[in-house]
Amino acid sequence: MKKLLTTLAAFTALTAAASAADLPRRAAPPPVFTPVPVFTWTGAYFGINAGYAFDASSNSTRGFVQTPGNPVALVPGGLVPYQALLPNGSSLVYSNDSREGFSGGGQIGYNWQLTPGSGAVIGFEADAQYLDFGRRARFATNAVAINPGFIPVNGTLNTIDFFGTVRGRLGWAFDRTLVYATGGFAYATGTDDGARVGLQNFAGRRNDFKTGWTVGGGVEYALPTDSFLNFFRSSAVTLKVEGLYVNLDNNNGRAQAPLVGAAISPVGLVPVYSLAGASRNENAFAVVRAGLNYKFGSY
């Protein structure tokens with residue numbers, strides 16, 4: 001009897017287990033779907049940049065030949081012949097590499113991307129830059145003597161210390177890569193230490209700024225938000241490579257004697273021009289630079 005009861009209990013347990021296995025199970029909750037955010041270039045940004053600037057002027061005058069009537073100094077009474085070299089017939093030729101050097105500064109701007117992911121991007125940017133064309137006018141001369149009151153200056157570009165631009169930007173985004181063109185207004189100035197004679201025009205009027213235009217383009221790439229460069233917890237850190245051509249005031253294309261130096265006079269430093277090299281005295285330079293931006297706003 002005891003064996004019969006044990007067998008019956010085991011059979012009952014197996015039957016109950018089999019019945020439970022046939023019961024419908026409670027449905028599992030569906031997985032939660034979290035969409036991956038689509039990157040957009042829309043937002044404000046600020047950053048820094050550094051690069052290399054070099055002379056891009058079309059005029060080829062790089063110095064002068066001393067004659068009884070050339071070069072000339074611009075004094076309050078007008079143009080007067082200036083004896084910079086001895087003897088007459090001596091020449092002074094500037095080195096081209098005295099109009100090139102480091103450029104660096106910062107920028108701010110704002111972009112609007114018309115469609116997230118890939119699509120057109122429009123925006124604007126303003127920057128302020130230090131420009132190290134130096135005032136170190138390197139030259140060669142066959143003169144026996146140089147007037148101790150003569151300071152060689154290799155054109156207006158050698159008197160510029162700072163420049164800036166205010167530009168529009170138009171580009172196309174391929175997700176996190178942006179290819180763009182840019183252009184707009186440019187300005188430049190120098191420190192007021194005497195060699196700023198380059199900011200004085202041929203009529204003797206001094207301007208604090210030279211103005212002009214700029215055009216260029218570049219490529220920019222957005223790093224992930226958690227990049228180790230993201231010190232400001234911005235929505236993105238972007239890296240860019242950019243080239244700009246800057247053309248400053250060239251007196252509306254009128255003939256202009258190129259600036260070749262400055263002379264110490266009773267009224268201070270005055271500009272010295274070479275009449276023999278009168279040309280469209282263009283003041284243009286190019287900048288190739290890399291930059292880093294911190295973007296804020298939409299992801």
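**View 1. Aromatic pairs, starting with one between Phe133 and Phe285.** Searching the whole structure turns up 14 aromatic pairs. One of them joins Phe133 and Phe285 edge-to-face, with 5.8 Å centre to centre and 90° between the planes. This pair links distant parts of the chain: Phe133 is in the loop between strand S8 (118-131) and S9, Phe285 is in strand S18, and the two are 152 residues apart. Like everything in these views, the pair comes from a predicted model. Phe133 is buried, at 1% relative accessible area, and Phe285 is buried too, at 0%.

**View 2. A stacked pair, Phe185 and Tyr187.** A ring pair is described by how far apart the centres are and by the angle of the planes. For Phe185 and Tyr187 the centres are 6.3 Å apart and the planes sit at 25°, so this pair counts as stacked; the cut-off for stacking is planes under 30 degrees apart. Phe185 is partly exposed, with a relative accessible area of 39%. Tyr187 is also partly exposed, at 25%.

**View 3. An aromatic cluster, and an arginine over a tyrosine ring.** Phe46, Tyr294 and Phe296 make up one aromatic cluster. Elsewhere in the panel, look for Arg169: its charged end sits over the ring of Tyr180, 4.3 Å from the ring centre.

View 4. Strand S1 and strand S7 (residues 100-113) run antiparallel and are joined by twelve bridges. Here Phe54 stands opposite Glu100 in S7. Eleven bridges then join S7 to S8, again antiparallel, and Trp112 faces its opposite number, Ile122 in S8. S7 and S8 form a hairpin with four residues between them. In that turn, Gly117 has a positive phi of about 85°.

**View 5. A three-stranded open sheet.** This sheet has the order S2-S6-S9 and pairs antiparallel. Its edge strands are strand S2 (63-65) and strand S9 (139-141), each of which pairs on one side only. From one strand to the next, the twist averages 15°. Three bridges join S2 to strand S6 (residues 91-94), and the two run antiparallel. Phe64 is a handy landmark here, standing opposite Leu92 in S6.

**View 6. Stepping back to the whole protein.** There are 18 strands and one helix in the protein. Of its 299 residues, 45% are buried. Take the contacts between residues at least 6 apart in sequence: 76% of them join residues at least 24 apart. The accessible surface comes to about 15,300 Å², and carbon and sulfur atoms account for 67% of that.

Note on methods:
Residues numbered from 1 in each chain as written. Predicted model: local features only at pLDDT ≥ 70, side-chain atom pairs only at ≥ 80, totals over all residues. Heavy atoms only, no water. Pairing = 2+ DSSP bridges. Axes fitted to C-alpha atoms, helices over the stretch in contact; angles between N-to-C directions. Buried < 20%, exposed > 50% of the residue type's maximum accessible area, 1.4 Å probe, protein only. Contact = heavy atoms within 4.5 Å. Areas by Shrake-Rupley, 256 points an atom, 1.4 Å probe, with all protein chains shown as cover. Phe/Tyr/Trp six-rings, centres within 6.5 Å; stacked < 30°, edge-to-face > 60°. Lys NZ or Arg CZ within 6 Å of the ring centre and 35° of its normal.
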